[in-house]
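Subject: Handover of a structure and its findings

Dear colleague,

Please find the structure below, followed by a short account of what was found in it. I would be grateful if you would read the account with the structure open beside you.

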Amino acid sequence: MYSFFLLWIVILCYICTSARMKILIYPMIVSNSFRLNLLLLSLFLFLVMPIRLFAVSKNHSILIISSYNPDAHPTSANISEFMDEYHKLNGKDNIIIENMNCKSFSDFLSWKAKMKQLLLKYHSNKKPKVLILLGQEAWTSYLSQSDSLKRGIPTLCCMVSRNAILLPDKRVDLKKWMPKSIDSYTDSLRSHLRAGFMYQYDVVGNINLIKKMYPKTRNIAFVSDNTYGGVSLQAYVRQEMKKFPDLNLILLDGRSNTLYTIVEKLRNLPPNTSILLGSWKVDMNEGYFVRNAVYVMKDATPTTPVFSLSQVGFGYWAIGGVMPNYHIFGRELARQVIKMHKYPSLKTPYVQLVRNKLIFDYNIIKDRNIDLSIFADRFYEFINEPVSFYTEYKYLLLGIGVCFTVLLVGLFVSLFFYFRTKRLKDTLLESEAELRLAKDRAEESNKLKTAFLANMSHEIRTPLNAIVGFSEVLLDLDSSSGEDRENYVDIIKTNSDLLLRLINDIIDVSKLETDKVLFEYVNSDIVIMCRQILISLDFIKKSNNKFIFSSDLDSFEMKVDLNRMQQVLFNILSNANKYTEFGRVTISFVVYEKYVEFSVADTGCGIPEDKQDLVFERFSKLNEYTQGVGLGLSICQLIVDKWGGEIWVDKEYHDGTRIVFTHPII
């Protein structure tokens, strides 16, 4: 169209500029009428043609066909929720809503024609991307169309039942017409159906429910009205009742009865009859009824058991029933459409069958004293159940709870600041005390450091002086004999060993205090270990003392760190040997349930009682003139603590000194 408009402009310009045409048309151009007509034609082409082009190119992508007026509930609710959710999910397609305006079943012949007319209307232009059918009448009218009209349009359904009846091609006697129920969920009927939601009425479940609660039932009176839903439900009930040959089906059909004749028939029902309610909106006179009609029926048979197939009469007349879970599916429909747009190659239908649920009226169950324990194996729900105290006064309780919470929060805030202030005060006092303590410790550490340096300088200087002095003497070969040189070498070696042992002790203390020592536990025979230590010590020290090992066991294995165990025993035995002359040094052990107790006893000078608690402190020496710096027992205590034992001086031993320590049995 735009190309045609441009062509018109080009031709007009050519005519106006051509030399030959100027002579012919010049008198016409200069006339006012010609110029006016030309202006009107140009305006028409400029304004009308683009509008027409826009109208033709507009693509109504989503077509919704409803059975009833879109203002009616739940049709309006489904459409409203669909549109809200669709636009919320960024759906861009246009939405058209068409209404079939279906009423009573007597005008069923027009439904098929209306559906055909609507499908042809949108087939003649661009086909819609998606067709959504709302309601039973629209659904069955669509099923009754030829495949050529249904082909190529992805279809969704909602507010429809799985059981349906196909519309006849010609008028029939509605009062006598008994159509066959079909399953619209089968592959042959839903070949063009891509998605949607279907109800499935459970006739068999309701009949079994009736037989279980009222086993004497012999007749089922089914109530249906003069609507498509009523006729299709009746067809489905007639089909399913063939599975119960022991029951007689009584049809109370609204196509051939008015409300008043139905009431009369209800009064005259035979004994052992239960009523199953299908639908009731329109009777044979096409009079519309809402809830009052079912109240009239209730008054006609107040004691007859009544069950509902579709929630009709439920809440005031029906005892209960297995019925569809009716609700609005608009938002789910929108999500299905978005999914179809997102995955256009996905051809597998995903029609959802809505689950049924077993529901009872609490008031009727209680009034009739019906025992529901027979349904202990099934889940069921109640309506009209008494409201609990919390539910009834929920908002009042909520207000009280909010006020109480605010007061409680205020109390906690006040307590928080009170205790926080108190804690800050206590913290300041503790910090002041800790600062004083830290100051005292720092001063003590400074004193200990000074004492340590003094001790170390003295202890290191003594062997170093001997080593340096006798080394210089050895350099003067003329001033000493061979025997003297050997004595000098022994002195140098002794002081070198002393210096090395001193440095090793300092390193051991540092490692043990900083927890850098890892124990390696292995199975060892402590009897053999003790004997070897005594032999080694006797050989190294060349002592005049007698070393004795006392034990009743010839062998005992336990897990120990062999090096650290030997170090502890060697330090304790060395001290015992140092402070004993021509005496005995005895090592022994006793095995208990969870630990082994070792002891080293000597017959030396002993330790005064006032100094027994000080022997494990560093640089503690009973005799200041003996060799060593007083780190041996301190190292022993660190090692024993490390493996989880204890070490102490036996205060009840008076023949010398007895050091005892333990080792856990791992």
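**Findings**

Asn-90 comes after α4 and has a positive phi, near 65°. Helices (DSSP runs of H or I, at least four residues) and strands (DSSP runs of E, at least two) are numbered from the N terminus. The model is a predicted one, in which local features need pLDDT of at least 70 and side-chain atom pairs count only at pLDDT 80 or more, while totals for chains, interfaces and linings use all residues. Residues are numbered from 1 along each chain as its sequence is written, and side-chain values use heavy atoms, with hydrogens and water left out.

*The chain as a whole*

The chain holds 19 helices and 22 strands. Of its 666 residues, 40% count as buried, where buried means under 20% relative accessible area, exposed over 50%, and partly exposed in between (1.4 Å probe, protein chains only). Among contacts (heavy atoms within 4.5 Å) with a separation of 6 or more, 73% join residues 24 or more positions apart.

*Helix α4*

The 14 residues of α4 (75-88) reach 20 Å from the first C-alpha to the last, close to the 20 Å expected at 1.5 Å a residue. The expected span is 1.5 Å times one less than the number of residues in the helix. Thr-75, Ala-77, Asn-78, Ile-79, Phe-82, Glu-85 and Tyr-86 are the buried residues of α4. Their cover includes β1 (62-66), β2 (95-99), β3 (130-134), β4 and α12 (330-342).

*The second largest pocket*

The second largest pocket has about 1,400 Å³ of space. On a 1 Å grid over the protein atoms alone, a pocket is an open set of points where a 1.4 Å probe fits, with protein on both sides within 12 Å along at least five of seven lines; lining residues have an atom within 4 Å of a point. The volume is the space filled by probe spheres set on the points, which are joined across faces, edges and corners.

There are 42 lining residues, and Pro-74, Ser-279, Lys-281, Ser-310 and Val-312 lie nearest the centre of the pocket. At least two lining residues come from each of α4, α6 (136-143), β4 (155-161) and α9 (228-240).

Which helix gives the largest share of this lining? That helix is α9, with 4 residues.

*Helix α9*

Because 10 of its 13 residues are buried, α9 is largely enclosed by the rest of the structure. Among these buried residues are Tyr-228, Ala-235, Tyr-236 and Glu-240. The buried residues of α9 pack against α5 (108-123), α6, β5 (163-164), α8 (203-213), β8 (219-224) and β9 (248-253). The end C-alpha atoms of α9 are 18 Å apart, which agrees with the 18 Å that its 13 residues should span.

*Two loop residues*

Ser-181 sits in the loop between β5 and β6 (182-183). Is Ser-181 buried or exposed? Ser-181 is buried, with a relative accessible area of 7%.

Arg-162 belongs to the loop between β4 and β5. Its relative accessible area of 23% makes Arg-162 partly exposed.

Yours sincerely
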